[in-house]
Amino acid sequence: EPALTSSKKWPNAHDKEGIFTPDPDLSPFARANKAFVPYCSSDAFLGNAGASPRTFGMHFRGQVLVEGVLQTLVADFGMRSGHTLVFGGGSAGGRG
């Protein structure tokens, strides 16, 4: 199903809890800047392959997604050398 490797049907904003909460009693990251990148690449954010018989006709572009997020954090949000980035997630989305 094409929706398995796409975020097209996802909302533009998410209400998140856990480390994303702004409550310092609940998260040591409460005052940190955070970016939520939903897992949609089906390749653990590691792939860079177009659709082919080898990929069962599916695109796997997780590496490109992560590069794009990092470029956006630098260009639009001022992330620079010396800033700390914590990359995490759930299931396969937390190990890219």
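**Questions on a one-helix predicted chain**

The chain exposes about 7400 Å², and carbon and sulfur atoms supply 55% of it. Accessible areas come from the Shrake-Rupley method with a 1.4 Å probe, and for residues only the protein chains shown count as cover. This is a predicted model: local features need pLDDT of at least 70, side-chain atom pairs count only at pLDDT 80 or more, and totals for chains, interfaces and linings use all residues. Residues are numbered from 1 along each chain as its sequence is written, and side-chain values use heavy atoms, with hydrogens and water left out.

Student: How many helices and strands does the chain have?
Tutor: Both are DSSP runs, numbered from the N terminus: helices are H or I with at least four residues, strands E with at least two. By that rule the secondary structure is 1 helix and 0 strands.

Student: What share of the residues in the chain is buried?
Tutor: Buried means under 20% relative accessible area, exposed over 50%, and partly exposed in between (1.4 Å probe, protein chains only). Of the 96 residues in the chain, the buried share is 18%.

Student: What percentage of the contacts with a separation of 6 or more joins residues 24 or more positions apart?
Tutor: Contact means heavy atoms within 4.5 Å. Among contacts with a separation of 6 or more, residues 24 or more positions apart account for 30%.

Student: Is phenylalanine 45 buried or exposed?
Tutor: Phenylalanine 45 is found in the segment before H1. Its phi is positive, near 60°. Most residues other than glycine have a negative phi. With a relative accessible area of 6%, phenylalanine 45 is buried.

Student: What is the phi of serine 42?
Tutor: Serine 42 lies in the segment before helix H1 (62–77). Serine 42 is partly exposed, at 36% relative accessible area. It is not a glycine, yet its phi is positive, at about 55°.

Student: Which backbone nitrogen does the side chain of threonine 21 reach?
Tutor: Threonine 21 is in the segment before H1. It counts as buried because its relative accessibility is 12%. Leaving aside neighbours within four places in sequence, its contacts include Leu26, Ala30 and Lys34. At 3.2 Å, its side chain reaches the backbone nitrogen of aspartate 23.

Student: How far apart in space are lysine 16 and phenylalanine 36?
Tutor: Lysine 16 is placed in the segment before H1 and is partly exposed at 37%. Beyond neighbours within four places in sequence, lysine 16 is in contact with Thr21 and Phe36. Lysine 16 and phenylalanine 36 are 20 residues apart in sequence, but C-alpha to C-alpha the distance is 8.6 Å.

Student: What kind of aromatic pair do phenylalanine 20 and phenylalanine 36 form?
Tutor: Rings of Phe, Tyr and Trp (its six-membered ring) pair if their centres lie within 6.5 Å; planes under 30 degrees apart count as stacked, over 60 as edge-to-face and the rest as tilted. The count comes to 1 aromatic pair. Phenylalanine 20 and phenylalanine 36 lie 5.8 Å centre to centre with 90° between the planes, so the pair is edge-to-face.

Student: How many residues apart are the two partners of this pair?
Tutor: Phenylalanine 20 is partly exposed at 26%. Phenylalanine 36 is also partly exposed, at 36%. Both are in the segment before H1, and the separation is 16 residues.

Methods: A polar contact is a pair of N or O atoms within 3.5 Å; within protein, one must be able to donate a hydrogen and the other to accept it, and residues adjacent in sequence count only if both atoms are side-chain atoms.
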